[in-house]
Amino acid sequence: MALVSAKEMLIKAHKEGYGVAQININNLEWTKSVLLEVEALKSPVILGVSEGAAKYMGGYKTVVALVKELHDYLNITVPVAIHLDHGSYEGAKAALAAGFTSIMFDGSHYEFNENLEKTKEIVALCHKVGVSVEAEVGAIGGEEDGVVGSGEVADPKECAIIANTGIDMLAAGIGNIHGKYPSNWAGLNFSVLAEIQDTTNGIPLVLHGGTGIPEDMIKKAISLGVAKINVNTELQLAFAEATRKYIEAGKDLEGKGFDPRKLLAPGSEAIRQTVKDKLTMFGSVNKA
């Protein structure tokens, strides 16, 4: 199966009451581990790529080539979208040109009318070639590649206006943040989430900052219209912990344990386990 837009998988998830995971990728190990696990679990997936990650990996075209070649080499049969995460106005155009199958244009830092007009333009460009679009209203808290959001709660009326541009999914701030959640975090604002879903006529909603949100909150969010849940930090932490344990145990000094293929194997396996846990929690196993 070729790489696909995220549109159909999210419509199905929204209708059937489960969440599709956006798993952010950072290199070959990340991409390979995620693809192997979603294939094993027969789950659709959205591979998220931030602008910073794309730069690190050698540019948008390199990312697309890596994903496509691994996808074909591993004989992946489940739906896979490659999605620009928190794309800038120019970044969205560049990723589209490079072959991304889904684009997030994050105009939440603009004044609302400018966000609206730029979103309309990106929707027109993407839909012309069958690429899905995500927009954002109300900045998500925390930091994402140097972009810091305070964790705003979105205005449902603004969400409705943005939804009418024809976007395929909407990220709306409901108190969620990127990265680790502080001990005094107030939790998700479900009353606003329900109002957003009502005013946007049932568009699939996106929950950013999936790391650290309790399972009961995740499931309640899904029941209120969230069909896409982003996970990044949790995989980074799992990879780092497994790699640290390998080195602290002196495994890198045994035989050819320093070989990158062996050195990175525990971290790669930790990624797979974390992906499995998230897909099970979100309910997307066997939904491909």
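Predicted model: local features only at pLDDT ≥ 70, side-chain atom pairs only at ≥ 80, totals over all residues.
Q: What makes the chain as compact as a globular protein of its length?
A: First, the inventory: there are 12 helices and 10 strands. The globule rule gives 19 Å for 288 residues and the radius of gyration is 18 Å, close to that value, so the chain is as compact as a globular protein of that length. Along the principal axes, the C-alpha atoms fill a box of roughly 60 × 45 × 35 Å.

Q: How much of the chain is buried, and what share of its contacts joins residues at least 24 apart?
A: Buried residues make up 57% of the 288. If you take contacts between residues at least 6 apart in sequence, 71% of them join residues at least 24 apart.

Q: Why is strand E1 called largely enclosed by the rest of the structure?
A: Buried means under 20% relative accessible area. In E1 (residues 20–24), 5 of the 5 residues are buried, so the strand is largely enclosed. Val20, Gln22 and Asn24 point one way, Ala21 and Ile23 point the other way, and all are buried.

Q: How do you know which strands pair with E1, and in which direction they run?
A: The cut-off for pairing is at least two bridges. E1 has 4 bridges to E10 (residues 226–231), and the two run parallel. Val20 sits opposite Lys228 there. E1 also has 3 bridges to E2 (residues 45–50), again parallel, and Ile23 has Leu47 as its bridge partner in E2.

Q: Is Val78 buried or exposed, and how do you know?
A: Its relative accessibility is 1%, so Val78 counts as buried, given a limit of under 20%. Val78 is in the loop between helix H4 (60–73) and strand E3 (80–87). Leaving aside neighbours within four places in sequence, Val78 is in contact with Met1, Val38, Glu39, Lys42, Ser43 and Ala288. Pro44 is 34 residues away along the chain, yet 5.6 Å separates its C-alpha from that of Val78.

Q: What makes the phi values of Lys42 and Asn75 worth a look?
A: Most residues other than glycine have a negative phi. Lys42 is not a glycine, but its phi is positive, about 55 degrees. Asn75 also has a positive phi, near 55 degrees, without being a glycine.

Q: Where do Lys42 and Asn75 lie, and how is each classed by accessibility?
A: Lys42 is in the loop between helix H2 (28–41) and E2; at 34%, Lys42 counts as partly exposed. Asn75 lies in the loop between H4 and E3. Its 57% is over the 50% limit, so Asn75 counts as exposed.

Note on methods: Residues numbered from 1 in each chain as written. Heavy atoms only, no water. Rg over C-alpha atoms; globule rule 2.2 N^0.38 Å. Buried < 20%, exposed > 50% of the residue type's maximum accessible area, 1.4 Å probe, protein only. Contact = heavy atoms within 4.5 Å.
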